[in-house]
Structure formats: C-alpha cells, structure tokens
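User: I am new to this structure and would like to learn how to read its main features, one at a time.
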Amino acid sequence: MPTTTHTGKSDLDRDARDLYAALSDLVRLYQFRDRDTICCHDISVTQCYALQSLERGGAMTLTALADDLMLDKSTTSRVAETLERKGYLRRERHPEDARAMRIEITARGKTLCQRIERDLMDEERNIIESLDPAVRRAAIGVVRDLARLAAARIGRQAACCAVDTEQV
C-alpha cells in the first residue's frame, strides 16, 4: 500500500469531501429529474428500475430481481405485483423450481421502458451537448470507474460494467 504524506492525506481528504459534495448534488438532481420524468408514465422510479433490470437481464427469479434492485424480496414482490397489474411484466412459477417465481417483461413493458429511456436520453444530450467530445468521453469513463469501484466495495457488479459498452 502506498504511503501517504501528511499533505497527501489532506489532499485526499479534501478530494473525498469534494467528490462527496459533487456526487451528492448530481445524484439528488438526477433523482428528482428521473422521478419527474418517470412518474409521468404512471410508474415509480423503483418500478422503472425493475423494468430496466428485466429488459437488460431477461427473465429472472424474484430473488434475482431483488438482488439486482438491492431491495428485500417482499418489497420487490410488491413492485412486481403492481407492474403485473399494469401489464408491464408477467410472473409465473419457475419451470425448474416450483417454489420460485419467474418474472419477465412484457412487450408493453418494453415499449414503456424504451419511451422513458428516450425521454431521459434527450435530457442527457441537452446536458452534455456543450461539452467537448473528449471531455464527455473522459467524464463517462470517470463515472463508470467510480461506479465500478463503489460496487466492488459492497461486493456487487455495477450495471454500467455489466453492459458491453464502448470503452473510453
């Protein structure tokens, strides 16, 4: 492990504090933006995350979805029940394990998920359009690295790292 000088430690402390403040502001802004955009489609942000997980990962068990969402199984079950009632997913007994539920996004759910993603991507383009392309790519790389490192600290794989994307 590299040794840290007193100056290096204070620089690291300052950078950690500044990163925390910057990310807190960004996350808060995105949470409200996502809530305002997603809720216009008559689903909650959590329900949208569930649809995105199913669209990205395909059919899965309720337990796998709960793990992906970082929610307990009973909360995930209520999310799934609501989405099923609205016609965005279907639940059925798992063909290989009668105790487990298999959850799958419906065509209607995919359409909704894609519509929400288009709305959010329009907003992303508006946010980053004034940045130099090299700065945009570098920022994406930094955010992706931060997500990967944070996920590793809690023993998870970050969604941005699980998806095959163009590297910086």
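Predicted model: local features only at pLDDT ≥ 70, side-chain atom pairs only at ≥ 80, totals over all residues.

Analyst: Residues are numbered from 1 along each chain as its sequence is written, and side-chain values use heavy atoms, with hydrogens and water left out.

User: How many helices and strands does the protein chain have?

Analyst: Helices (H or I, at least four residues) and strands (E, at least two) are DSSP runs, numbered from the N terminus. Here the protein chain has seven helices and three strands, in the order α-α-β-α-α-β-β-α-α-α from the N terminus on.

User: Which strand pairs with β1, and in what sense?

Analyst: Two strands pair if DSSP finds at least two bridges between them. Strand β1 (residues 60-61) pairs with strand β3 (residues 101-105) in the antiparallel sense over two bridges, and M60 has I103 in β3 as its bridge partner. Strand β2 (residues 89-93) also runs antiparallel to β3, joined by five bridges, with I105 in β3 as the bridge partner of L89.

User: What share of the residues counts as buried?

Analyst: Buried means under 20% relative accessible area, exposed over 50%, and partly exposed in between (1.4 Å probe, protein chains only). Of the 168 residues of the protein chain, 24% count as buried.

User: Why does L19 count as partly exposed?

Analyst: L19, which lies in helix α1 (residues 6-38), counts as partly exposed because its relative accessibility is 37%.
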